[in-house]
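Let's learn to read a few features of a protein model together. Take a look at the sequence and structure first, then we'll talk it through.

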Amino acid sequence: MLQSKYFRTCLGIIAALLIIYLGAKVKFIFNPIVLLFKLLLVPVMLAGFMYYLLRPVVNYLEKHHWKRSLSILSIYLVFVGLIALFSVLVWPTLREQVITFAENAPYFVEDLQKQFEALQKNSFFAKALPSESEIYARVSEYLNGLIMAVTDSISNFISVVSNVVVIIATVPIVLYYMLKESSKLPPKILHILPRKYRKEGKEALREIDTALSNFIVGRVVLNLILGVLMYIGFLIIGLPYSLLLALISIVLNLIPYVGAIIAAIPVVIIGFIDSPSVAVWSLVVIIVSQQIQDNLLTPIIYGKQLDIHPMTAIVLLLIGGDVSGIVGVILAIPVYMIAKIIIVRGYGLFLAEKVDDMKE
């Protein structure tokens, strides 16, 4: 019986379940590890994104006889210069818009209600949205909740700033060692694998690296272009807080598929507060920008490399958001891509071994 593969598999499953059960009983031992993981998750994630963006530049400089450490430090100096340029050209406008937005946030619901009341005086909208309708009550209730959430976020601004300071202090250090020591990681991972699987493991690591690089670089480039297009459009139509809303849209559009819808909500609300026509034009700007991104830029930058069905992506985003909030949403697609490559490679290897066993 001990020689039976089925029996050994069952014993392995029982042992794994027993380990999980005992681990759950002494989970207090792992609390410091979990806390450390949560503390480092965001800095490591941001450093990983920056790593794939900056690695081509570092490799290019290294090919031209620059030392790797010197290349990284040179890029950091360029970043310092860009930050200084940002503080001079962009920050004053952005700071003014953030302060104005924070001051006016408590009055947004009142302004929106005035716009609804003005629309109800129009005969067409009065029939579509009467003042006593359930839709009107729900919209008002939703907007009240939204503005209260914004107000609560502003009141917690100090704690957010402290977290940002920790991240800003940690990310450059983690990123430096990622860029400098990244070539040493694959051999260490392959050394863990049995010798007969190392060739397949090396190909899997290369495929994972290529997939992550294409996804992250492509996503960032697309969102930057999309943000510039939207900002230009917002300026043309005279949308308030145009720079702030464009930056928010860039961040939210990092979330595939649903990010564009989430980013459109605050834009349309702010536009509607100004006037219904501005809301309509802001929606036109968003749709036109998205169409340029989806139909012109995405095929050029991605090609057919992002092989993920939209329905699969939406399910992954829902699961990621439920597990770990916004961080889970951002990491859902990259984690899926890594898992898919490992599973497909592992399953292919398993089938190959089965075929070899049948031949013998």
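Q: Is arginine 345 buried, partly exposed or exposed, and how do I read that?
A: Buried means under 20% relative accessible area, exposed means over 50%, and partly exposed is in between (1.4 Å probe, protein chains only). Arginine 345 counts as partly exposed because its relative accessibility is 23%. A word on the source: this is a predicted model, where local features need pLDDT of at least 70 and side-chain atom pairs count only at pLDDT 80 or more, while totals for chains, interfaces and linings use all residues. Residues are numbered from 1 along each chain as its sequence is written, and side-chain values use heavy atoms, with hydrogens and water left out.

Q: What does arginine 345 form with glutamate 207?
A: Side chains of opposite charge can pair when their charged atoms come close. A salt bridge here is a side-chain nitrogen of Lys or Arg within 4 Å of a carboxyl oxygen of Asp or Glu. Glutamate 207 and arginine 345 form one, with their closest N and O atoms 3.0 Å apart. This pair links distant parts of the chain, 138 residues apart, with glutamate 207 in helix H10 and arginine 345 in helix H14. Helices are DSSP runs (H or I, at least four residues), numbered from the N terminus. Glutamate 207 is partly exposed, at 35% relative accessibility.

Q: How many salt bridges does a search of the whole structure find?
A: The search turns up 7. One of them pairs the side chains of lysine 180 and glutamate 181, at 3.5 Å from N to O. Lysine 180 is partly exposed, with 31% relative accessible area, and glutamate 181 is partly exposed too, with 25%.

Q: Where is isoleucine 33 found, and is it buried or exposed?
A: Look in helix H2 (residues 31–63). Isoleucine 33 counts as exposed because its relative accessibility is 54%.

Terms used
Helix = DSSP H or I, 4+ residues; strand = E, 2+ residues; numbered from the N terminus.
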